[in-house]
Amino acid sequence: MSKPRVLAVCLGNICRSPMVEAVLAHTANERGIDIEVDSAGTAGYHIGEEPDERTVATCKKHGVPIDSTARQVKREDFTTFDYILASDKNNLSNLESMKPRGSTAVVRLFGSWDDNKEIADPYYGGMNGFERCYQQCVRYSNALLDEITASKPKM
């Protein structure tokens, strides 16, 4: 079985989704799970930009490496990735409307693997919003990884 491929998605791909990308990859690595993670935005506002400095600071505070460049969701993402994780219901709705016929990706709210909550956009708030986002990313990453490892065939 090939390694799972996961795409984290928010609106601009500078706050939530790059944090999900970093935390999920880090958590998978710590758990010894081979996974490929990327991130994108449903909008093209920040294409080519690095993550928000508060996202980077929050990840560094927790020892999570982060290296991401903003991009927009592409049509082929729906067949390239196994899972596409929406940070909130608006982005989930946008993803569902973008989803082409023949899509093979599971497109779900990231929080649906845990408490079914959205990850609020911390962009216009203070650092506590980024910390809340980080804590959700850790919980949701572990819940998703639990499902991925449970569904792997035993050798």
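**Exercise 1. Arginine 5 and its partner**

Task: Is arginine 5 buried, exposed or partly exposed, and which side chain meets the side chain of arginine 5 in a salt bridge?

Solution: 
- Step 1. Arginine 5 has a relative accessibility of 24%. Buried would need a value under 20% and exposed one over 50%, so arginine 5 counts as partly exposed. Keep in mind that this is a predicted model.
- Step 2. The side chain of arginine 5 meets that of glutamate 36 in a salt bridge, at 2.5 Å from N to O.
- Step 3. Now look at where the two sit: arginine 5 is in strand S1 (residues 5-10) and glutamate 36 in strand S2 (residues 36-41), so the pair ties together parts that are 31 residues apart in sequence.
- Step 4. Glutamate 36 is partly exposed too, with a relative accessible area of 27%.

**Exercise 2. A second residue of S2**

Task: Which residue forms a salt bridge with aspartate 38, and is arginine 71 buried or exposed?

Solution: 
- Step 1. Aspartate 38 and arginine 71 meet through their side chains in a salt bridge of 3.2 Å, N to O.
- Step 2. Aspartate 38 lies in strand S2, while arginine 71 lies in the loop between helix H2 (53-61) and helix H3 (77-80); the pair links distant parts of the chain, 33 residues apart.
- Step 3. Aspartate 38 is partly exposed at 24% relative accessibility.
- Step 4. Arginine 71 has a relative accessible area of 17%. The cut-off for buried is under 20%, so arginine 71 is buried.

**Exercise 3. From pairs to the count**

Task: How many salt bridges are there, and which residues are linked with Arg16 in a network?

Solution: 
- Step 1. The count comes to 12 salt bridges.
- Step 2. Arg16 is linked with Asp88 and Asp121 in a network of salt bridges.

**Exercise 4. Building the sheet**

Task: What is the order of the strands in the open sheet, and which strands stand at the edges?

Solution: 
- Step 1. The sheet has 4 strands in the order S2-S1-S3-S4, with parallel pairing.
- Step 2. S2 and S4 each have a single partner strand, so they stand at the edges, with one side of each left without a neighbour in the sheet.
- Step 3. From one strand to the next, the twist averages 20°.
- Step 4. Zoom in on S3 (residues 83-86) and S4: 4 bridges join these parallel strands. Leucine 85 has arginine 108 in S4 as its bridge partner.
- Step 5. Helix H1 (residues 16-30) lies across S1, S2 and S3, at about 175° to S2, and H5 lies across S1, S3 and S4, at about 160° to S3.

Definitions and conventions
Residues numbered from 1 in each chain as written. Predicted model: local features only at pLDDT ≥ 70, side-chain atom pairs only at ≥ 80, totals over all residues. Heavy atoms only, no water. Salt bridge = Lys/Arg side-chain N within 4 Å of Asp/Glu carboxyl O. Buried < 20%, exposed > 50% of the residue type's maximum accessible area, 1.4 Å probe, protein only. Pairing = 2+ DSSP bridges. Axes fitted to C-alpha atoms, helices over the stretch in contact; angles between N-to-C directions. Contact = heavy atoms within 4.5 Å.
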